Amino acid sequence: MFFIHSLHHPQTISSYSHPQSPNIITPNHYPNRNGYIKFRTNYRENLRYLKSLTIINPNTKPSKLPLPDAVNHILTIVTFLKSHSFSDADIPRLVHYSPHLFTTAVSPTDISPVFTFLTTDLLATVEDSRGLILRCPNLLFSDPNHFLKPTLQFLKEIGVNNLNKPTNRNAHLLNTRVEKLRVRVRFMEEVVGFTEEEAKRSCARLPAILGYDLENNLWPKFVYLVKEMERDLEELKKFPQYFGFSLEKRIVPRHLHLKERGVRIPLNRMLMWGDEKFYAKWK
């Protein structure tokens, strides 16, 4: 069994391309211009290509290298991805976050339904699909019928739009199970005190709420709002974006700063202004 190379400097969520290293085989030498890999090339050349993509650790001992059949199988996965607009520069990110993808346990038929879902149900373009997967590679292992479609339907029902755009928020929301999403909406109803419609509207205005941890994020912010800041529910209805700000870095420091000066302002003015403007205004 060979070892998957672990990147020391994985790419950020917002950046996927990086300069190719000198040892990467150019399209004229290895993959053809249509993006399909020539499996019948020399075995060593195939190994070199997979090493350049970090699928195989360059330091793997010869005795641990995959056999030709395994190499060819992995190349079918790479070829499939390249046929869906992924480039050589994208592969290391997928290797880092989903190394299982490049093993003999996965075949193109296993992941092709996800691409069908993205284009048919989500109405994402080929490039948008690529962007969503790069932002959340685990989407490739989510069952469309049991997980992705119910999640998409729920998000549409509560008013979350433009889910086909390749953003971090969209990619991770689509990969969130419906049960988890419903718990967040119920929190807004049963704990915060919103009606069902108000809860759904708040989540649609700030979809990030649907991904926040209840115990360590939403609950402490709500308690601080009610007990320490002594704010009422109506303010929260007008500004549910309150939950999107850091309690330690934004909410608490600004509340204490205003409290020391005997000043009380609306939540949106308290939190949305930049530090320079806020602290200049309330010296």
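These legends accompany several close-up views of the structure above. The model is predicted, so local features need pLDDT of at least 70 and side-chain atom pairs count only at pLDDT 80 or more, while totals for chains, interfaces and linings use all residues. Residues are numbered from 1 along each chain as its sequence is written, and side-chain values use heavy atoms, with hydrogens and water left out.

View 1. Helices (H or I, at least four residues) and strands (E, at least two) are DSSP runs, numbered from the N terminus. Read along the sequence, the pattern is α-α-α-α-α-α-α-α-α-α-α-α-α-α. Of the 283 residues, 46% are buried; buried means under 20% relative accessible area, exposed over 50%, and partly exposed in between (1.4 Å probe, protein chains only). A contact means heavy atoms within 4.5 Å. Among contacts between residues at least 6 apart in sequence, 68% join residues at least 24 apart.

**View 2. Helix α2, residues 68-82.** From its first C-alpha to its last, this helix of 15 residues reaches 21 Å, close to the 21 Å expected at 1.5 Å a residue. The expected span is 1.5 Å times one less than the number of residues. Buried residues in α2 include Ala70, Val71, Ile74, Leu75 and Ile77. To see what covers the buried residues of α2, look for elements including α1 (43-52), α3 and α4.

**View 3. Thr103, in the loop between α3 (91-97) and α4 (108-121).** Thr103 has a relative accessible area of 14% and is therefore buried. Its side chain reaches the backbone oxygen of His100 at 2.8 Å. That is a polar contact, meaning a pair of N or O atoms within 3.5 Å; within protein, one must be able to donate a hydrogen and the other to accept it, and residues adjacent in sequence count only if both atoms are side-chain atoms.

**View 4. Helices α6 (residues 144-157) and α8 (residues 178-192) packed together.** Their axes lie 9 Å apart at an angle of about 25 degrees. Axes are lines fitted to C-alpha atoms, for helices over the stretch in contact, and angles run from 0 to 180 degrees between N-to-C directions. The two helices are therefore roughly parallel to each other, given that angles under 35 degrees count as roughly parallel, over 145 as roughly antiparallel, 65 to 115 as roughly perpendicular and the rest as oblique. Where they meet, Pro150, Thr151, Phe154 and Leu155 come from α6, and Val178, Leu181, Arg182 and Val185 come from α8.

**View 5. Arg231, in the loop between α10 (214-228) and α11.** Arg231 counts as buried because its relative accessibility is 9%. Its side chain makes a polar contact with the side chain of Glu235 (2.8 Å), and the Arg231 side chain also reaches the backbone oxygen of Ile265 at 2.8 Å. Not counting residues up to four places away in sequence, Arg231 touches residues including Leu225, Val226, Arg264 and Pro266.

**View 6. Tyr242, in the loop between α11 (233-238) and α12 (247-260).** With 0% relative accessibility, Tyr242 counts as buried. Tyr242 and Leu225 are 17 residues apart in sequence and 9.2 Å apart in space, C-alpha to C-alpha. Leaving out residues up to four places away in sequence, Tyr242 touches Leu225 and others, among them Lys221, Tyr224, Met229 and Ile251.
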